[in-house]
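User: I would like to go through the terms used for this model one by one, and to hear what each of them rests on.

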Amino acid sequence: MKGVYFDGSKAVFREDLPVPEPSQGHSRIRVMYANICSTDKEVLKGYRPQFRGVMGHEFAGVVDRTENPELMGRVVVGELNEGCGHCLYCRSGREKHCPDRKVLGLDGLDGCFAEYLVLADHLIHPVPPDLPPEQAVYTEPLAAALEIPTQVHLDPRSSIAVIGDGRLAFMIAQVLHLSGAELTVIGKHREKLDAFSPFASHTRLCGEYDGTDAHDAESTYETVVEASGSPEGILLALKIVRRQGTIVLKSTYAGTAEVDMSLFVVNEITLVGSRCGPFEPAIRLLKDGLVRFPEVEWHTLDDFDAAFRSKAFKAGFRINVQPEGINFSQKSIKFT
Ligand SMILES: [Zn+2]
Ligand SMILES: [Zn+2]
């Protein structure tokens, strides 16, 4: 089969990958849509130096080989962390923290930038028939945004800031907006910030705003979510967070940030790391149209270089799908 493979230093397009066979408790998914995430680009910069395999973890596809009749033929999305199943974390519902976990397209598991992937059944979530797969592909990053309200109490009367104007920030801002809180988005690009105006009360440009007026308590924020994807984000977050407030860290990047930790002590700041989140609420929000994302810019797998370099809101791969004229009603999809 065709796929985009990480060989330890770069991505390569291959046509000689074996079609995977599912083991017990696993199903095979024929990938329809797979989105590129900034984490994939971090892999290319050295974020996961040990990884070798098919890249990618955001997808929607059809289950084509399984022992589970509930899944056969369904359009599905899938979670990326597969735990060992018996350690303390796996036993207590924290599989994503299993020290021996495999991670789709990132660590020990071939990902979704290919014609097929295999995934454990308990990580697979069927998509309702009225949610088109090209929108369902946003489930995983939206779930990551929904992790924030599982961790932090969001008071609808409070002020929240999101640092970052990229894709992750866009999803987070939409989720936080649903809480009713007054939302400010701080970013580097005026044209990107404009896209946040339907759900952000205020947008501010980084260059014009460095947090120096934040000694004035009125201009600080109870909760600051750092989603800029760069180490400077945490420094700005520390300047604008209210005393006794909370900073939520959402970005992962290859590199480190130098931070004066005593500020956390003196100002009694709570720091919350936040990663993958719950899929079912994300599917519900997408299905009900309560969050909306721009159309993905689709590429073919062999065009991966252009896809990775794309400046579109979201670039991805359209695989096993005719570009035109397909009716996506689940009942009509049968792959042999
Ligand atoms: Zn992702
Ligand atoms: Zn485990």
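Analyst: What follows is a set of questions and answers on a predicted model, with the reasoning behind each term.

User: Why are H4 and H9 called roughly perpendicular to each other?

Analyst: Helix H4 (residues 139–151) and helix H9 (residues 279–287) pack at an angle of about 110°, with their axes 8 Å apart. Angles of 65 to 115 degrees count as roughly perpendicular, and H4 and H9 are therefore given that description. The crossing in which H4 passes H9 is right-handed. On the H4 side the contact is made by Thr-139, Leu-142, Ala-143 and Leu-146, and on the H9 side by Phe-279, Pro-281, Ala-282, Ile-283, Leu-285 and Leu-286.

User: What makes up the contact of H4 with H9 by class?

Analyst: By class, this contact has nine nonpolar residues, one polar residue and no charged residues.

User: Which residues of helix H7 are buried, and what covers them?

Analyst: In helix H7 (residues 232–240), the buried residues are Gly-233, Leu-236, Ala-237, Leu-238 and Ile-240. Their cover includes strand S12 (159–163), strand S15 (221–226), strand S16 (241–249) and helix H8 (262–266).

User: Why is Ala-181 called partly exposed?

Analyst: Ala-181 has 19 C-beta neighbours inside 10 Å, whereas 20 or more are needed for a buried residue and 12 or fewer for an exposed one, so Ala-181 counts as partly exposed. Ala-181 is found in the loop between helix H5 (167–177) and strand S13 (182–187). Leaving aside residues up to four places away in sequence, Ala-181 touches Leu-154, Asp-155, Pro-156, Ser-158, Ser-159, Ile-160 and Leu-176.

User: What makes the backbone of Glu-268 worth a remark, and is Glu-268 buried or exposed?

Analyst: Glu-268 has a positive phi of about 50° although it is not a glycine. Most residues other than glycine have a negative phi. Glu-268 lies in the loop between H8 and strand S17 (270–273), and with 10 other C-beta atoms within 10 Å it falls under the rule of 12 or fewer, so Glu-268 is exposed.

User: How do you know that Asn-320 counts as partly exposed?

Analyst: Asn-320 has 17 C-beta neighbours inside 10 Å, a value in between the limits of 12 or fewer for exposed and 20 or more for buried, and it therefore counts as partly exposed. Asn-320 lies in the segment after strand S19 (315–318), and its phi is near 60°, a positive value in a residue other than glycine.

User: How is the protein chain divided into domains, and which classes of residue does domain 1 present to domain 2?

Analyst: The division is into domain 1 (3–138 + 293–332) and domain 2 (143–273), with bounds that come from an automatic or database domain assignment. Their C-alpha centres lie 29 Å apart, and eight residues of domain 1 are in contact with six residues of domain 2. By class, the side of domain 1 that touches domain 2 has two nonpolar, three polar and three charged residues.

Notes: Residues numbered from 1 in each chain as written. Chains lettered and ligands numbered in written order. Predicted model: local features only at pLDDT ≥ 70, side-chain atom pairs only at ≥ 80, totals over all residues. Helix = DSSP H or I, 4+ residues; strand = E, 2+ residues; numbered from the N terminus. Contact = placed C-beta atoms within 7 Å. Axes fitted to C-alpha atoms, helices over the stretch in contact; angles between N-to-C directions. Parallel < 35°, antiparallel > 145°, perpendicular 65-115°, else oblique. Left-handed = near helix turned anticlockwise from the far one by under 90°. Nonpolar A, V, L, I, M, F, W, Y, C, P; charged D, E, K, R; others polar.
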